[in-house]
Amino acid sequence: MFKILLREDLVPNIHLFKIDAPNVAKKARPGQFVVIRIDERGERIPLTIADWDENEGSITIVFMEAGTTTCRLATLQAGDYIADFIGPLGLPTHIEKFGTVVCVAGGFAVATIMPIARAMRNEGNRVISIMGARNKDLLFWEDELRNVSDQLIVTTDDGSYARKGVVTEPLKERLESGEKVDRVIAIGPSIMMKYSSLTTQPFGVKTIVSLNPIMVDGTGMCGCCRVSVDGVTRFVCVDGPDFDGHQVDWDLLFARQRIYLEEEKLSLEQWQCQCASSL
Ligand SMILES: Cc1cc2nc3c(=O)[nH]c(=O)nc-3n(C[C@H](O)[C@H](O)[C@H](O)COP(=O)(O)OP(=O)(O)OC[C@H]3O[C@@H](n4cnc5c(N)ncnc54)[C@H](O)[C@@H]3O)c2cc1C
Ligand code: FES
């Protein structure tokens, strides 16, 4: 059993848990993830390692309430336990001195990109970060990301804070200005990663995305996380989650992410009914 050491509500539907998991903390690297199961009857879901402390033996995860399991997870408090917490899984993000690296984060992925931006900067890169959310109330960790970046640009879709628009706009301007960009890392909702990749493609800037298909075992056994990259079948849990965004078959990814929409909706409704009847 894995104890929740700390809970923070970053915005109303995005939460941070610090989990006591010394064996995972010993080996964690930027870009890796864990697979968790709340209890023995729960489903397994993947969550990115947002931070870790080897001395404390803790792992930080940040999750958004998306459906049954993440909504159930959000009911837990510091002091509660999670049944399974497996990791670190996946290949770490490739960190190297590239020159100028632009880190683009959409929504909760600001937490996902944080260890990558930090590691890129520690490696001697100039890091320009762009973070965006639908509105002001959904933004978090602005100061934290600024602290690990040489420059930070913030956008909100509705203009309720900072620059109005989506993250691909400042990304495109940067590239059009002729400023040399050596690598782009784009993490967030799949649609945002697709459009970030389409934005950089004409400029020939290699763009790494962190794919988020449905996963089950997270160890390459079930085939559930199958994607097509450069025409080749890859399993995100063991070959990724990072891939070249210019080579991803985005339509296949979107289609496979939607496979269980009906069941997910039903599951959430049933869980909400159970909660209401137990009040
Ligand atoms: C490598 C990886 C890292 C991730 N990191 C984070 C993170 O740090 N924070 C975060 O909030 N979310 C993260 N996700 C997405 C997270 O796993 C899903 O939001 C979660 O599984 C949804 O489960 P649910 O039961 O709450 O919702 P559901 O109603 O079951 O699903 C909502 C949507 O989430 C996706 N999803 C459902 N089940 C899974 C599953 N087993 N694996 C992956 N996606 C699924 C589907 O697209 C689905 O339409 C990550 C996904 C991957 C693959
Ligand atoms: S989650 Fe089963 S093969 Fe990747």
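**Cavity, pockets and ligand shell in a predicted model**

The structure holds one cavity of 30 Å³ or more. This is a predicted model, in which local features need pLDDT of at least 70 and side-chain atom pairs count only at pLDDT 80 or more, while totals for chains, interfaces and linings use all residues. Residues are numbered from 1 along each chain as its sequence is written, chains are lettered from A and ligands numbered from 1 in the order in which they are written, and side-chain values use heavy atoms, with hydrogens and water left out.

A cavity here is a set of points, on a 1 Å grid over the protein atoms alone, where a 1.4 Å probe fits but cannot get out; a pocket is an open set with protein on both sides within 12 Å along at least five of seven lines, and lining residues have an atom within 4 Å of a point. Points are joined across faces, edges and corners, and a volume is the space filled by probe spheres set on them. The largest cavity takes up about 30 Å³. Around it sit Ala 105, Gly 107, Val 110, Met 131, Gly 132, Leu 138, Leu 139 and Phe 140. Six of these lining residues are nonpolar and two polar, with no charged ones (nonpolar means Ala, Val, Leu, Ile, Met, Phe, Trp, Tyr, Cys and Pro; charged means Asp, Glu, Lys and Arg; the others, Gly among them, are polar).

What about the second largest pocket? Its volume is about 200 Å³. The lining of this pocket runs to 14 residues, with His 94, Ile 208, Asp 239, Asp 242 and Phe 243 nearest the centre. Its make-up is six nonpolar, four polar and four charged residues. β12 (183-187) and β16 (242-244) each give at least two residues to the lining; helices (H or I, at least four residues) and strands (E, at least two) are DSSP runs, numbered from the N terminus.

Turning to ligand 1, 23 residues surround it, and Glu 43, Pro 46, Met 64, Thr 70 and Met 215 are the closest (a residue is near a molecule if one of its heavy atoms lies within 4 Å of it). β4 (45-53), β5 (58-64), α2 (68-73) and α9 (261-277) each bring at least two residues to this shell, and β4 has the largest share, with four. By class, the shell splits into 13 nonpolar, seven polar and three charged residues.

An oxygen atom of ligand 1 lies 2.7 Å from a backbone N or O atom of Pro 46. For Met 215, a backbone N or O atom is 2.8 Å from a nitrogen atom of the ligand, and a polar backbone atom of Arg 44 is 3.3 Å from a ligand nitrogen atom. The protein covers 88% of the 860 Å² of accessible area that ligand 1 has on its own (areas by the Shrake-Rupley method with a 1.4 Å probe).

As for the backbone, there is a cis peptide bond from Gly 87 to Pro 88, with omega near -5°, and Pro 88 sits in strand β7. Another cis bond joins Gly 240 and Pro 241, with omega about 15°; Pro 241 belongs to the loop between α7 (236-239) and β16. Trp 141, a residue other than glycine, has a positive phi near 60°, and is found in the loop between β9 (126-133) and α4 (142-147).

Notes: Polar contact = N/O pair within 3.5 Å; in protein donor to acceptor, adjacent residues only side chain to side chain.
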